[in-house]
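Colleague: I would like to learn how to read a model like this one. Can we take it feature by feature?

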Amino acid sequence: MSTYCYELASRGFVVAAVEHRDGTASMTLCLKDQLDTTIRDVDDHLPHSKSENDMPVSDEDSMDDDSIRQRVQFFLDERNENQSDEADGAATRVRQRKQNSRRSILFNTSFTEEWRRFQHVEIWDDFNYRNRQMYQRAEEIRDILDELGSMNKGNPNNNLLNLAFKTTQFKDRLDFSRVAIIGHSFGGATVLATLAKDARFKVGISLDGWFHPVDDWIDKTAKQPCLLLNMEQFQWEKNVKRMFKFQKADPSADRPMLTLRGGCHQSMTDFQFIVPQIIGRMMDVCHTLEPESCISTCVNTSLAFLYKHLDLPLEQIHRDLLDAKNPHLMKGTNVDMSIPDDGPTPP
């Protein structure tokens with residue numbers, strides 16, 4: 001999905017791509033924070049050049065996250081000062097290098113890495129299990145929006161990877177009146193759950209969504225507009241019927257369904273650009289529509305829906321896409337709804 005995300009970012013959107021920890025990712029890296037232990041090591045073993053009066057003071061047994069971050073920032077600031085110090089004398093420089101090295105080790109090991117692998121499920125379409133995963137994903141997305149809100153207030157981001165990128169540059173630059181959520185496949189169901197859980201999200205887009213985990217509470221609760229953009233070669237009768245139910249739950253909400261001709265389920269991903277189209281069709285990573293046209297149509301149709309509902313300038317080309325006045329798009333679905341179909345077999 002990186003190509004799709006890059007295209008949105010190039011239009012001025014701040015894109016947060018969430019790596020979920022519900023067991024559906026092939027592999028995800030989790031970092032467990034150990035800043036309190038690191039601070040005790042620093043306090044006990046390292047000399048300080050700053051005055052003790054300058055250091056944030058807190059009872060270690062009752063330190064909250066803000067206190068921890070303040071003390072970590074104190075030592076990081078001190079380390080930066082030492083690195084820029086041009087004091088004379090080889091002994092002084094050697095002593096500073098040793099001190100900085102010890103602090104660097106402490107801060108770089110202030111977390112432990114935990115790799116979480118894909119969790120195989122015996123009954124892959126178990127509703128209760130997938131429903132719980134869907135809501136976990138929704139909460140993770142809400143956490144990300146909270147973090148973006150903190151960045152918008154100018155609060156420094158506690159990035160354990162020690163990247164030079166400063167999130168404080170986002171202060172007062174994010175528009176929280178124009179927040180959208182977009183998801184592909186299982187992410188399509190996650191879009192609906194997030195819309196129902198959090199009214200801060202003004203609009204949603206489901207890209208070839210898998211709606212099996214969606215429950216009736218979402219139908220009753222979600223009120224936002226949502227585009228259902230499907231691919232020609234993936235959907236089936238039962239899944240599309242669930243989409244129709246979501247559409248009808250709130251007739252006043254704008255929830256159009258469009259189908260991309262010549263697209264398959266992987267047409268939203270980057271796999272289609274890795275191999276030649278003929279081989280890609282054999283591997284089911286692309287269909288009859290060539291990859292560039294496929295991703296371009298998906299991106300522009302998504303932008304048209306976002307512009308429409310986020311009060312951004314909407315041009316005629318955008319209206320034409322939403323009206324399916326494009327050779328690659330059709331309104332509704334290409335699925336024969338008269339033939340019962342429970343969907344694909346387990347992977």
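Modeller: Start with pairing: two strands pair if DSSP finds at least two bridges between them. Helices (H or I, at least four residues) and strands (E, at least two) are DSSP runs, numbered from the N terminus. Here T259 stands opposite M330 in β7.

Colleague: What kind of model is this, and how are residues numbered?

Modeller: It is a predicted model: local features need pLDDT of at least 70, side-chain atom pairs count only at pLDDT 80 or more, and totals for chains, interfaces and linings use all residues. Residues are numbered from 1 along each chain as its sequence is written, and side-chain values use heavy atoms, leaving out hydrogens and water.

Colleague: How many helices and strands does the protein chain have?

Modeller: The chain has 11 helices and 7 strands.

Colleague: Which element has the lowest mean pLDDT, and which the highest?

Modeller: The general idea: pLDDT is the predictor's confidence in each residue, from 0 to 100. The protein chain averages 80, and 73% of the residues score at least 70. Helix α2 (residues 35-45) has the lowest mean among the elements, 42, while β4 has the highest, 97. Two stretches need care. Residues 82-88 have a pLDDT below 50, with 11 contacts in the model beyond near neighbours in sequence. Contact means heavy atoms within 4.5 Å. Residues 97-109 are also below 50 in pLDDT, and that stretch has 27 such contacts.

Colleague: What share of the contacts with a separation of 6 or more joins residues 24 or more positions apart?

Modeller: In the protein chain, that share is 68%.

Colleague: Back to the strands. Which strands pair with β6, and in which sense?

Modeller: β6 has two partners to look at. Strand β5 (residues 226-233) pairs with β6 in the parallel sense over 5 bridges. In that pairing, T259 of β6 is the bridge partner of N230. Strand β7 (residues 329-331) runs antiparallel to β6, joined by 3 bridges.

Colleague: How do I read the handedness of a crossover?

Modeller: Point the strands away from the viewer. A crossover is right-handed if the path from the first strand over the helix to the second then runs clockwise. β5, helix α8 (residues 237-249) and β6 make a right-handed β-α-β unit. Next, look at β3 (residues 180-184) and β4 (residues 203-207), which pair in the parallel sense over 5 bridges. The chain crosses from β3 through α6 to β4, again a β-α-β crossover that is right-handed. A180 has V203 as its bridge partner in β4.

Colleague: What span does α8 reach, and what is expected?

Modeller: The expected span of a helix is 1.5 Å times one less than its number of residues. With 13 residues, α8 reaches 18 Å from its first C-alpha to its last, close to the 18 Å expected. Its buried residues include N239, R242 and M243. Among the elements covering the buried residues of α8 are α6 (186-197), α7 (216-221), β5 and β6.

Colleague: Where is F211, and what does F211 touch?

Modeller: F211 sits in the loop between β4 and α7. F211 counts as buried because its relative accessible area is 1%. Not counting residues up to four places away in sequence, F211 touches residues including L192, L228, N239, R242 and M243. F211 and K238 are 27 residues apart in sequence and 9.3 Å apart in space, C-alpha to C-alpha.

Colleague: Which side chain makes a polar contact with the side chain of H20?

Modeller: A polar contact is a pair of N or O atoms within 3.5 Å; within protein, one must be able to donate a hydrogen and the other to accept it, and residues adjacent in sequence count only if both atoms are side-chain atoms. For H20, the partner is the side chain of E140, at 2.6 Å. H20 lies in the loop between α1 (2-9) and β1 (27-33), and is buried at 13% relative accessible area.

Colleague: Finally, how do I read a positive phi?

Modeller: Most residues other than glycine have a negative phi. S185 has a positive phi of about 60° although it is not a glycine. D311 has one of about 55°, and is not a glycine either. Are they buried or exposed? S185 is buried, at 17% relative accessibility, whereas D311 is exposed, at 67%.

Methods
Buried < 20%, exposed > 50% of the residue type's maximum accessible area, 1.4 Å probe, protein only.
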